[in-house]
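Look at the structure first, then read the points below.

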Amino acid sequence: MNLRRGKSVVDEKNTELSTVVHEFAHVLMTEGRSATFKDEKMPEFISELTALRSDYFKEINGYLGNKQRDKAADIYLGKYASSNVNEFMAEGWTEYKLSSKPSKYATKIGKLIDKYFKK
């Protein structure tokens, strides 16, 4: 895997869907914060997502600090995921849904979204 890539990894056959799936994650975040969809659980979701992002950066930086680039690359969600918590979520969700082998943090993000939004 590559630590210079911009986006999360998706299966080649799913490339066409990646933008739609990515943007859907943004809709979840936007609607979740709006008055029309506001839920008492949204602060919990944001808190868990933020903590997950913190764990992600600690793990990536730990691997890089120990010159374990391969291990860092195995969990890397792409440069775009480092922008902010919204992009972290969207890149992880995209990989979770469109990769046959989602990485550790893509799986954690996907399960977190399922926990709060799946019915």
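Phe45 and Phe117 are both buried, where buried means under 20% relative accessible area, exposed over 50% and partly exposed in between, with a 1.4 Å probe and protein chains only. The model is predicted, so local features need pLDDT of at least 70 and side-chain atom pairs count only at pLDDT 80 or more, while totals for chains, interfaces and linings use all residues. Residues are numbered from 1 along each chain as its sequence is written, and side-chain values use heavy atoms, leaving out hydrogens and water.

**Aromatic pairs**

- Rings of Phe, Tyr and Trp (its six-membered ring) pair if their centres lie within 6.5 Å; planes under 30 degrees apart are stacked, over 60 edge-to-face, and the rest tilted.
- By this rule there are six aromatic pairs.
- One of them joins Phe45 and Phe117, edge-to-face, at 5.2 Å centre to centre and 85° between the planes.
- This pair links distant parts of the chain: Phe45 sits in helix α2 and Phe117 in helix α5 (residues 104-117), 72 residues apart.
- Tyr56 and Tyr105 have ring centres 5.3 Å apart and planes at 75°, so this pair is edge-to-face.
- Tyr56 lies in α2 and Tyr105 in α5, 49 residues apart, and their pair also links distant parts of the chain.
- Tyr56 is buried, at 1% relative accessible area.
- Tyr105 counts as buried too, at 3%.
- Tyr56, Phe57, Phe88 and Tyr105 make up one aromatic cluster.

**Helix α2**

- Helices (H or I, at least four residues) and strands (E, at least two) are DSSP runs, numbered from the N terminus.
- Helix α2 covers residues 42-65, which is 24 residues.
- Buried residues of α2 include Met42, Leu49, Arg53 and Glu59.
- Lys67 follows α2 and has a positive phi, near 55°.

**How α2 meets α5**

- α2 and α5 pack at about 175°, with axes 11 Å apart; axes are lines fitted to C-alpha atoms, for helices over the stretch in contact, with angles from 0 to 180 degrees between N-to-C directions.
- That makes α2 roughly antiparallel to α5, a label for angles over 145 degrees.
- Residues in contact (heavy atoms within 4.5 Å) include Phe45, Leu52 and Tyr56 of α2 and Tyr105, Leu112 and Phe117 of α5.

Technical notes:
The expected span of a helix is 1.5 Å times one less than its number of residues. Angles under 35 degrees count as roughly parallel, over 145 as roughly antiparallel, 65 to 115 as roughly perpendicular and the rest as oblique.
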